[in-house]
Amino acid sequence: MNASAPDDAGRRLLIALDVDGTLIHEDETIGDAVRAAVTRVREAGHQVMLATGRSWETARPIHEAFGLDSDFVVCANGALTMRRDDTVEGGYRREFVETFDPTEVLRTIRPHLPSGSFMVEDPMGYRRYTEGMTDWELVNAEQVTFEELSEHPATRVVVVSPQHDEDEFLSIVERMGLHKVSYAIGWTAWLDIAPDGVNKATALDRVRAALDIPHTDVVAVGDGRNDIDMLSWASAQGIGAAMGQAPDEVKAVSSRVVGTVVEDGLAELLDSL
């Protein structure tokens, strides 16, 4: 399949898909309807790519499971963009990497969440984490002390505090007064922090320009608060679709709401294109 081939109408869509809660279920299974729908739009010549909070190392198995061969993959909530390069091992190289010094933000957060667990991901996807960070994919990673988290530039910082419910956590984060970073709050009590002004939308707009695809031919699908910027950006001229289980604030910025992930809502959207 030629990834640059247009469909019969001469249009090539840029279809950016969140992973967890959009492409795959909570247990990482894949609905048959979603797998078939992704294959159809990819084989029709559209640029189907991942736009995920995952690192490349944890996104790559999903990328391969769907047989994707996109020119770009957006990872780490926009802080890392991989580019297809058949001359390197694995077929992709790190094209754009955004980093920041995590020291200040870690020092700001810890007094508010003294029992929280922390993880810092560096530009090469290596993860350093503190005790208690057990629910995250920790391949290519090592446990370190809190102080050691600040020793390397970061593409993202993740904070988990499972003893707080969602409302409590939202209130705590609002009181922190985080500055000079971008952040999103996840489904459970976890906080995902990126370099200032960096999110899935900023990375995808760079990809869109590189591929010379009009903004009107953009489709983005997601379900989490870290998808708000991406869905708002896509909805401005194209399609930004929220999954049925998404929080209200995610649905509010979207131009469409589809079925839940367990209902294979993504397939519903892709089949309608």
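Arg35 is found in helix α1, which covers residues 32-43, and the model in which it is described here is a predicted one. With a relative accessible area of 35%, Arg35 is partly exposed. Leaving aside residues up to four places away in sequence, Arg35 touches Ile30, Ala65 and Phe66. Ala65 is 30 residues from Arg35 in sequence, while the C-alpha atoms of the two are 9.0 Å apart in space. A polar atom of the Arg35 side chain lies 3.2 Å from the backbone oxygen of Ala65, and the charged end of Arg35 sits over the ring of Phe66, 5.9 Å from the ring centre. Another such arrangement involves Arg206, whose charged end sits over the ring of Phe96 at 4.3 Å from its centre.

The table sets them out.

| Pair | Distance of centres | Angle of planes | Kind |
|---|---|---|---|
| Trp56 and Tyr92 | 5.2 Å | 50 degrees | tilted |
| Phe118 and Phe146 | 5.1 Å | 75 degrees | edge-to-face |

Trp56 belongs to helix α2 (residues 56-65) and Tyr92 to strand β5 (residues 92-97), so their pair ties together parts that are 36 residues apart in sequence. Trp56 counts as buried at 6% relative accessibility, and Tyr92 is buried as well, with a relative accessible area of 8%. In the other pair, Phe118 lies in strand β6 (residues 117-121) and Phe146 in the loop between β8 (141-143) and β9 (156-160), so this pair ties together parts that are 28 residues apart in sequence. Phe118 counts as buried at 1% relative accessibility, and Phe146 counts as buried at 13%.

Turning to the sheet, five strands form an open arrangement in the order β2-β1-β12-β13-β14, with parallel pairing. Its edge strands, each pairing on one side only, are β2 (47-50) and β14 (256-257). Two bridges join β13 and β14 in the parallel sense, and Ala241 has Arg256 of β14 as its bridge partner.

Helix α6 lies across β12 and β13 and runs at about 150 degrees to β12. Within this helix, which spans residues 228-237, the residues Met230, Leu231, Trp233, Ala234 and Ser235 are buried. The buried residues of α6 pack against both strands, β12 (218-222) and β13 (239-242), and also against the helices α5 (200-211) and α7 (248-252).

Note on methods. Residues are numbered from 1 along each chain as its sequence is written. This is a predicted model: local features need pLDDT of at least 70, side-chain atom pairs count only at pLDDT 80 or more; totals for chains, interfaces and linings use all residues. Side-chain values use heavy atoms; hydrogens and water are left out. Buried means under 20% relative accessible area, exposed over 50%, partly exposed in between (1.4 Å probe, protein chains only). Helices (H or I, at least four residues) and strands (E, at least two) are DSSP runs, numbered from the N terminus. Contact means heavy atoms within 4.5 Å. Two strands pair if DSSP finds at least two bridges between them. Axes are lines fitted to C-alpha atoms, for helices over the stretch in contact, and angles run from 0 to 180 degrees between N-to-C directions. A polar contact is a pair of N or O atoms within 3.5 Å; within protein, one must be able to donate a hydrogen and the other to accept it, and residues adjacent in sequence count only if both atoms are side-chain atoms. Rings of Phe, Tyr and Trp (its six-membered ring) pair if their centres lie within 6.5 Å; planes under 30 degrees apart count as stacked, over 60 as edge-to-face and the rest as tilted. A charge sits over a ring if NZ of Lys or CZ of Arg is within 6 Å of the ring centre and within 35 degrees of the ring normal.
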